[in-house]
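Thank you all for coming.

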Amino acid sequence: MAHPRIVRPVASAVAAFVLLLAFVFTGDGSLSGQAPARPAKPVAGAPAAAPAVTADSVFRVKAWDQFVSMRGSSPFKDLKWQFIGPTSISGRVVDVAVANRKGKTRVIYVATASGGLWKTENEGTTFEPIFEQAASVQGGNVEVAPSDPNIIWFGTGEANIFRSSNAGVGVYKSTDTGKTWQHMGLPSTHTIARIVIHPTNPDIVYLAAGGHEWTDNEERGVYKTTDGGKTWDKILYVDAKTGANDLVMDPTDPNVLYATTWQRIRNKWNDPRTLPGYTGTGIHKTTDGGKTWTPINQGLSVPDRRGRIGIDIARSNPNVLYAFVDNYEIARQAKPGEMDSYGRPKQGTIKGAEIYRSDNKGQAWKKVSESNAFMEGAAATYGWVFSQVRVDPNNENTVYFMGLALNQSTDGGKTFKVLRGMHSDHHALWIDPANSDNLLNGNDGGVVMSYDFGKTWRQFTDNLPAVTFFNVAFDMATPVHVYGSVQDHGSYRAIVDLGKGRDKIPTQAFEETLGGEGTTHAIDTSDNNTVYASSFYGNLDRADFSKPGTTGGFRTMPFQMTNIMPKAGEGEPPLRGQWMAPTIVSPHDPNVVYHGLQYVFRSMHKGDAWERISPDLTGNVVSMIGDIPYQTLYALAESPKRFGLLYAGTDDGHLHITRDGGKTWTELTANLPQKKWISRIVPSTFDEGTVYVTQNGKRDDEFAAYVYKSTDFGKTFKSIVGNIPCGPVNVIREDPSNPKILYVGTDMGVYVTTDGGTTWTVLGGNLPSTFVHDLVVHPRDRIIAIATHGRGIWVMDAVPVQKK
């Protein structure tokens with residue numbers, strides 16, 4: 001099949017200014033016992049909702065230039081963000097690459113999931129960030145040119161498509177070991193799984209693009225450049241749902257390549273999975289540098305049960321290839337009441353990880369791994385996160401596959417053992433071609449090294465701070481604590497130490513606290529000892545730090561913990577909670593707690609007893625109820641001005657208000673121009689009728705900024721996005737001292753306005769480009785704290801902003 005030649009695009013300037021338009025939308029919500037299953041209709045005479053802004057990744061590249069310009073001219077450019085930690089943990093690593101320099105220490109490159117690209121020239125004694133300022137720093141793949149170690153390629157966009165992954169904007173190239181970078185196009189690929197560089201000609205590069213995470217698109221498949229990235233050919237394409245996941249070159253013939261394709265889409269209510277009729281997932285081979293491709297799937301599992309496939313070739317014997325196939329065929333049905341690791345009803349046990357081997361360059365495959373509980377559990381139902389396989393370059397029978405653990409076989413893939421002594425969830429492995437005892441591994445805890453064939457591991461935490469926080473909250477203790485939860489680590493807290501000055505706040509190791517990896521924290525600031533944590537899809541616990549510790553799992557925590565999760569009524573559908581379900585303590589009475597699932601629950605007694613005070617506030621579409629809770633509340637807030645004035649926003653775009661403590665609810669959805677995920681609701685501290693709402697289009701692969709203000713309890717909304725060039729917007733906050741000062745956290749950084757949203761500017765001049773998931777302003781200490789999903793917790797003195 002012929003494929004078009006792609007010239008590296010120049011982003012259009014038009015889209016960057018579409019968001020500067022402000023609209024006012026009016027409409028009347030109606031009292032509803034249950035939210036409708038379709039978008040609410042605006043009332044007659046109300047202005048029609050504006051069409052969705054076309055804000056793709058081409059738009060994001062242009063918006064980044066505008067962001068950089070705004071940052072350079074910002075009146076706050078000299079204000080410094082201060083990193084406070086944690087120094088005790090690291091974060092998800094998706095790829096590693098090594099450049100061996102004759103007579104010198106090797107150079108190691110580490111691609112993090114959302115903290116950019118890092119480099120060490122001293123075996124990890126120190127790491128330096130070398131790619132931390134771009135429209136997206138989400139790591140996909142990093143490769144060093146075999147013929148020139150100065151040339152580095154970095155593909156953005158994580159192929160593992162986690163719930164917290166963010167889209168990339170194409171591929172970048174450095175010709176000076178990472179000192180400078182040039183964008184080399186392909187912005188709409190969103191995920192780049194593998195880059196392969198010709199062994200002698202660094203201008204010839206192959207790239208496996210997975211495509212969009214949430215929507216269909218044409219920009220996926222295998223691409224090739226012969227001019228160093230100036231132009232690209234799409235040389236392997238299946239369809240708009242099927243991307244390329246892995247790519248490997250025959251070390252004896254650079255015209256022979258093997259590519260795996262993966263047909264997948266991520267729904268908001270299901271993890272990626274195979275579906276009946278899927279035929280796009282498989283393995284392909286070219287012997288002419290990509291001009292023609294042949295499917296080579298003989299012996300693999302059935303096509304519509306094949307999940308993600310990883311592939312590698314034995315450098316010591318290129319006849320031998322291994323493939324890790326994620327097999328969705330059911331091995332055993334679930335037992336009644338059986339739950340998965342997140343407390344959700346189990347759908348059955350799939351065959352999961354299977355290792356196949358070919359001894360004839362892919363002509364036929366044979367399953368060599370065992371069919372047993374070990375292999376079924378090695379990746380469980382999360383093979384779409386892993387599915388990586390590596391062959392020892394010096395021994396065709398030593399093979400590794402990555403899953404929840406790093407697994408090693410020395411008998412050609414027949415049996416495996418777990419390599420221990422490191423964090424779980426594995427995504428990257430490099431094996432030293434000069435000494436197979438030397439291993440470099442990337443996992444959800446960071447990067448580790450072994451010099452003894454995996455028996456022991458050297459870990460790096462305090463010098464690779466790629467920590468992926470979801471949230472941040474504070475108490476009113478002296479000194480103040482900040483709380484947050486970290487992907488695949490758990491929940492942590494630390495003090496913000498102002499003892500040495502507001503511009504010299506030290507870094508901290510952080511301590512473990514109540515909650516899991518995806519947790520909303522709410523602190524009773526009347527005593528600073530009572531903490532609520534909504535973890536793992538809304539499961540709610542309460543901690544009392546004034547009482548002796550509770551032993552849970554493998555450790556004792558310095559608090560007493562009680563589960564206070566509301567229960568579904570008899571005969572009612574199961575409760576649905578978001579990954580980060582909202583829990584709030586009433587600003588009027590610390591005994592009153594609200595918890596958001598598909599309903600709003602209220603406790604007048606710190607969670608000891610609950611009442612449901614709302615109907616289902618979501619669309620409640622049956623076909624959108626899957627194994628990932630969706631159609632749930634994501635934003636919940638009570639007005640600081642009046643008890644019982646509550647707003648609730650959902651992940652499927654519904655917005656409601658109650659002014660009488662939940663007796664009646666009015667839907668406001670039609671009053672917003674877009675029906676998108678509501679990421680934050682902030683009722684004003686200064687005016688009872690004023691409320692701020694942000695929306696987020698990430699899960700539609702759409703990146704506009706949506707920021708709205710209402711001064712009439714949500715009857716009308718006005719866009720105050722102003723000159724913010726790009727989203728997605730994750731959070732908005734009102735300054736506690738001045739209603740005209742607002743802060744917005746986006747996937748590019750932090751913006752501030754001092755005129756109520758007419759104009760915005762970038763806050764601070766030194767923050768790495770990273771995903772700002774949450775932001776709080778401490779009213780007493782006047783400190784701004786942000787939770788970044790990739791670079792830990794940062795703080796800033798708010799006083800200079802408040803004095804402007």
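Which ring does R92 lie over, and at what distance from the ring centre? R92 lies over the face of F162, at 3.9 Å from the ring centre, where a charge is taken to sit over a ring if NZ of Lys or CZ of Arg is within 6 Å of the ring centre and within 35 degrees of the ring normal. R163 likewise lies over a ring face, that of W579, at 3.7 Å from the ring centre.

Before going on, please keep in mind that this is a predicted model, in which local features need pLDDT of at least 70 and side-chain atom pairs count only at pLDDT 80 or more, while totals for chains, interfaces and linings use all residues. Residues are numbered from 1 along each chain as its sequence is written, and side-chain values use heavy atoms, with hydrogens and water left out.

Now to the aromatic pairs. A search of the whole structure finds 20 of them, counting rings of Phe, Tyr and Trp (its six-membered ring) whose centres lie within 6.5 Å, with planes under 30 degrees apart called stacked, over 60 edge-to-face and the rest tilted. One of these is F67 with Y751, whose ring centres are 5.8 Å apart and whose planes stand at 80°, so the pair is edge-to-face. This pair links distant parts of the chain, since F67 belongs to helix α1 (residues 57-73) and Y751 to strand β56 (residues 750-753), 684 residues apart; helices (H or I, at least four residues) and strands (E, at least two) are DSSP runs, numbered from the N terminus. F67 is buried, with a relative accessible area of 3%, and Y751 is buried as well, at 0%, where buried means under 20% relative accessible area, exposed over 50%, and partly exposed in between (1.4 Å probe, protein chains only).

Y634 and W677 have ring centres 5.2 Å apart and planes at 65°, so this pair, too, is edge-to-face. Here Y634 is partly exposed, at 22%, whereas W677 is buried, at 7%. Elsewhere, F131, F154, Y172 and W181 form one aromatic cluster.

Finally, the strands. Strand β8 (residues 139-145) and strand β9 (residues 148-156) pair in the antiparallel sense over six bridges, pairing being counted if DSSP finds at least two bridges between two strands. A hairpin through two residues joins β8 to β9, and A145 has D148 as its bridge partner. Strand β9 also runs antiparallel to strand β10 (residues 171-174), with four bridges joining them, and there I152 has S174 as its bridge partner.
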